[in-house]
Amino acid sequence: MSTPLPALLLSVACSPPISPRLACPSCRQALQEKSYRRHLAFCAPDLLDPEGWAAGDCAVVQRHCSRLHRPGSATARALELRFGFGGKPAVTSQQRLAAEMGWTNRRTRDTIAKFLHAIPPVSEPSDRLQVLYEDASMLVVNKPAGVGVTPEHRWRGGSVLNWVMWHLSRDAAPPQDGRGRGGGGGQRRRGRGGRGGRRTPAPAPEPRPCHRLDLNTSGALVFAKTPEAASALMSQFESRRVRKAYAALCTAPPGESLVEGEICRVDGVQHCERRVCGPGESGQAARTSLVVVADSAAGGEAGSAGAAGGECLLLARPEQGRTHQVRLHCAAAGSPILGDALYGGGEGRGPLQRHGLHALALTLVSPATGAPLEVVAPLADDMRRAALEAGLRMRSA
């Protein structure tokens, strides 16, 4: 029996919205909007950012092609056609490239993807890299605000990952004078070995970030040195065995010390934004404790209600690791983070020209030793100076 029209319309109106799907211009794979750019970064990087490609990305890819593949080989020819080395027109359609090579679509797709994934991230020195802890399996660094965890593309620099690559490659390099190279304080990795005429040296495992910090959030950031360590560390984060503490410089004391509220995605915006779910909505469960540790009121006890107004420094302990969880829950408690314009904290002022959030401490288990450890990242200088300018004083324990 057919469904009555009013009932059919009601069922359509009540069905959840379908996320828009986009087709990759190269392989035609259907993609969710949120994964489109990540897919193109490997499948069609020249189409994702044509200006960057023309400015130097193409030269990087061409250089690695000549290093890894014999000139005139089938793979080298496929790459030359696909990316248009030397200013030649690129064959951006996977189907057309497969036809010209006499390959299947799958072989064409896998050849391009395997090559692009084989390009190692750029190793980039920086005097801003501060290593807080290092052993044979992992290292924890103090990420500066304004620097991304990973680069936009593997063959670009400017991120903490690129700095860590340089740090580890320096430690792995063979000694030049019979003595060890400096750095790190952790256990050394075996060298990569000389290239000795090989065209395809086996790359050393690259470091992997085990969690993320927003671009303008500073503080403790964990990298694994091997795939095995990455699996063990990520498992700790996913199962909530890692305890995290953040320092947040806020515009007002919080109205509550424990915030519980499911987090929903904000649709229809170009930037990343979240909100606390409304009644009847289903989102990601999230819970954060907030403790006032410094304010302009003298003599208060840590964690007690603050003054009627004025800035304060909070210790935030999120039980989960949801996107923007601390920022959103501080705002929900009536204590938006200073400089966090997205969630009601206004613009930065004085020495603090970003949102005042710092990943202060992590407690986790090292895969190398099996022992628990706590790593503390000193408060970022711009937050420390902003707190001093605001006249904040530590509360008594």
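Reply: Begin with burial: a residue counts as buried when its relative accessible area is under 20%. The model is predicted. F83, with a relative accessible area of 2%, is buried. W53 is buried as well, at 9% relative accessibility.

Me: How many aromatic pairs are there, and how is such a pair read?

Reply: A pair of aromatic rings is described by the distance of the centres and the angle of the planes. Here the count is 1 aromatic pair. W53 and F83 form this pair, with 5.3 Å from centre to centre and 40° between the planes, and the arrangement is tilted. Because W53 belongs to helix α4 (residues 50–68) and F83 to helix α5 (residues 74–83), the pair ties together parts that are 30 residues apart in sequence.

Me: Which residues have the most contacts inside the largest nonpolar core?

Reply: In soluble globular proteins, nonpolar side chains tend to be buried together. In this model the largest nonpolar core has 29 residues, and V141, V164, F223, L314 and C330 are those with the most contacts inside it. Elements that give two or more residues to this core include β4 (138–143), α8 (160–172), β6 (218–224) and β12 (312–318). Helix α8 provides the largest share of this core, 6 residues. Another core, of 20 residues, lies apart from it, and among its members are L79, V91, L97 and W155.

Me: Where is V149 found, and is V149 buried or exposed?

Reply: V149 is found in the loop between β4 and α8. Its relative accessible area is 6%, so V149 is buried. Leaving aside neighbours within four places in sequence, the residues in contact with V149 include K143, S159, P209, H211, L221 and F223. For V149 and H211, the separation in sequence is 62 residues, while their C-alpha atoms are 9.2 Å apart in space.

Me: Which cysteines does a disulfide join, and what is its handedness?

Reply: A disulfide is a covalent bond between the sulfur atoms of two cysteines. The structure holds 1 disulfide. This disulfide joins C264 to C277, with an S to S distance of 1.9 Å. The torsion about the S-S bond of C264 and C277 is about 115°, so the disulfide is right-handed. Since C264 lies in strand β9 (residues 263–265) and C277 in the loop between β10 (274–276) and β11, the bond ties together parts that are 13 residues apart in sequence. C264 counts as buried at 8% relative accessibility, and C277 counts as buried at 14%.

Me: At what angle do the axes of helices α6 and α7 cross?

Reply: Crossing angles from 65 to 115 degrees count as roughly perpendicular. The axes of helix α6 (residues 94–101) and helix α7 (residues 105–118) come within 9 Å and cross at roughly 105°. The two helices, α6 and α7, are therefore roughly perpendicular to each other. On the α6 side the contact is made by Q94, Q95, L97 and A98, and on the α7 side by N105, T108, R109 and I112.

Me: What is the phi of R240, and what is that of H324?

Reply: Most residues other than glycine have a negative phi, and most peptide bonds are trans. R240 has a phi near 65°, a positive value in a residue other than glycine. R240 is placed in the loop between α9 (227–238) and β7. H324, not a glycine, has a positive phi of about 60°. H324 lies in the loop between β12 and α10. With a relative accessible area of 9%, H324 is buried.

Methods:
Residues are numbered from 1 along each chain as its sequence is written. This is a predicted model: local features need pLDDT of at least 70, side-chain atom pairs count only at pLDDT 80 or more; totals for chains, interfaces and linings use all residues. Side-chain values use heavy atoms; hydrogens and water are left out. Rings of Phe, Tyr and Trp (its six-membered ring) pair if their centres lie within 6.5 Å; planes under 30 degrees apart count as stacked, over 60 as edge-to-face and the rest as tilted. Helices (H or I, at least four residues) and strands (E, at least two) are DSSP runs, numbered from the N terminus. Buried means under 20% relative accessible area, exposed over 50%, partly exposed in between (1.4 Å probe, protein chains only). A nonpolar core is a set of buried Ala, Val, Leu, Ile, Met, Phe, Trp, Tyr and Cys residues joined through side-chain atoms within 4.5 Å. A disulfide is a pair of cysteine sulfur atoms within 2.5 Å. Axes are lines fitted to C-alpha atoms, for helices over the stretch in contact, and angles run from 0 to 180 degrees between N-to-C directions. Angles under 35 degrees count as roughly parallel, over 145 as roughly antiparallel, 65 to 115 as roughly perpendicular and the rest as oblique. Contact means heavy atoms within 4.5 Å.
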